[in-house]
Amino acid sequence: MKNNELKIKDELQEESLFNGSLGRRSFLQYAGVSAAGMALVAAGCKKDRGYPDMNAGATLDFKDDFGVLNYAYALEQLEAAFYVKVAAAPPAAFTTAQKAYFQDIQFHEVAHREFFKNALSTAAIGSLEVDFSSIDFTSATSVLGAAMAFEDLGVAAYNGAGVRIKTDAYLVLAGKIVSVEARHAAYIRDIISNGSFADLNSLTALGASNANGLDGALTPDKVLAIAGKYIKTKINVINL
Amino acid sequence: MNIVNILEEIEKVDGEIYERLSPRRSAMKDFYSMGKKIALAAAPLALGSMFNKAYGQTLPTAVVATLNFALSLEYLEYHYYNHALVAAPTLTIPTGAPLAAITTIRDHELAHVNLLKGALGTSARSEITYAMTDFTAGGTFGDVYSNYLTFLKVALGFEDTGVRAYKGQATVLKGNAVLTTALQIHSVEARHASHIRQMLAANGASIKPWVSLGAGGISNDTGVPQVDAVYAGENLDVQAGVTITGINGNTGVTKAAAVECFDEPLDTASVVTIANLFLRTGFKL
């Protein structure tokens, strides 16, 4: 029942976002144009950098902390959309306990998404359109595999972006979130294969090192390249 | 951006900046010649590279202190698990998945010790040996090496403290490449904590893989009052002035969910107090 309430709320929010899309888009255009102008001046040569596409999509401008926060907001949107869908109709093979914990994770990711939306306020990018066509939501194997991929990637994304954050409070906030994502990752990995909670050898493609006991860490361009298959909205990255 | 202003700012805290830079004129030359080719956005990176050349591998004092603090905690964690695996005949960790998990965690803690020692080089603190520790915490956990459940409860205390401790040091490392490494350790500790919580749950404890709201709204969700200090302030549901409970009409985000979805940092003094419970007199932090 709570889940239905959430779904309705989500739909309402999406609707209101669409209604407000004109204002949001013009803000993005304004921000994008000025950033492109700066990049052009700075480069001193227009061959070095193309103009970002202003016609569609979301622009992540990494020139300051808002870019990093919007990047996190984009990833949290993706995760929340995935878990909302799973929690609304979990695979039949899920146990009662697994259904309950996927509900928990759903609300964690929704809370992260809404937190960034509120914290970024007018600087927030719009809602992303997701593409989950590669996931079979009736199959526990498919859902768990996708959940693991999202969580491990999310951890690597926060770990890799932390060094870009200039404001103490934002850095701590990213830290507060990433450890929760790591707890999710470990839980989901243990469902797939008990004991794989921190199988760092399996995470080397995300920058992990088992010899040094280090988790993944990836730069935003690499993260977005991997996440891209789940996102329809064009994401423009500038000043990375 | 004016490089002269930057150098003057640095001179205020390091009077020898010009001496440091002048024998390394090639570093400055590299920087200026690069300026024509790169975008302004990349300038801080080039500048950082120049200062690395000028300062060599010297880490700022505050960073050294933080890394040594982390090293102390990693020594404690390593000895805690290692002793359980190699020298605690009265402790039975079930073979199979539980023994494999504790071994994995021990190996990670040892890797962290070695990594931090390597990064610190000659600035590394002296070694903490098992003999310097007291994992009964003066008798509070008297059966820690003979009762598997007690062993798991104290292990969870270490892991959740570790997660909070690294988070608490993040701002000291801000903008430094070392921060990325610290974050990579931090999330591994969170994975450990999640798994040990699942091990406790498998043995009958009512506990989630994430830090939830304790009974009656208290911050400690483990049901082990002896570790209250580990969870002090974990029941926060306001982040950066934003109330998370019920955020934007999402009633599914209960107070418990709001507490679960953000882990809280712990300041140095609080972590030291916890760590010192497990160190013998004469070896406390």
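Of the 285 residues of chain B, 41% count as buried. The model is predicted, and local features need pLDDT of at least 70, side-chain atom pairs count only at pLDDT 80 or more, while totals for chains, interfaces and linings use all residues. Residues are numbered from 1 along each chain as its sequence is written, and chains are lettered from A and ligands numbered from 1 in the order in which they are written.

Biologist: Why is Val63(B) called buried?

Modeller: A residue is buried if 20 or more other C-beta atoms lie within 10 Å of its own, exposed if 12 or fewer, and partly exposed in between, with C-beta atoms placed from the backbone. Val63(B) has 20 other C-beta atoms within 10 Å, so Val63(B) is buried.

Biologist: What makes the place of Val63(B) part of a helix?

Modeller: Helices (H or I, at least four residues) and strands (E, at least two) are DSSP runs, numbered from the N terminus. Val63(B) is in helix H5 of chain B, residues 61-86. Chain B has 10 helices and two strands.

Biologist: Which residues does Val63(B) touch, not counting those up to four places away in sequence?

Modeller: Two residues are in contact if their C-beta atoms, placed from the backbone, lie within 7 Å. Val63(B) touches Val172(B), Leu173(B), Asn176(B) and Val178(B). Leu179(B) is 116 residues from Val63(B) in sequence, and 9.5 Å from Val63(B) in space, C-alpha to C-alpha.

Biologist: What do the buried residues of H6(B) pack against?

Modeller: They pack against H5 and helix H8 (177-202) of chain B. Among these buried residues are Ile102(B), Ile105(B) and Leu116(B). H6(B) is followed by Gly121(B), whose phi is positive, near 60 degrees.

Biologist: How many residues of chain A are in contact with chain B?

Modeller: 56 residues of chain A are in contact with 55 residues of chain B. H6(A) gives the most to the side of chain A that touches chain B, with 17 residues.

Biologist: How do the residues on that side of chain A divide?

Modeller: Ala, Val, Leu, Ile, Met, Phe, Trp, Tyr, Cys and Pro count as nonpolar, Asp, Glu, Lys and Arg as charged, and the others, Gly among them, as polar. The division is 27 nonpolar, 15 polar and 14 charged.
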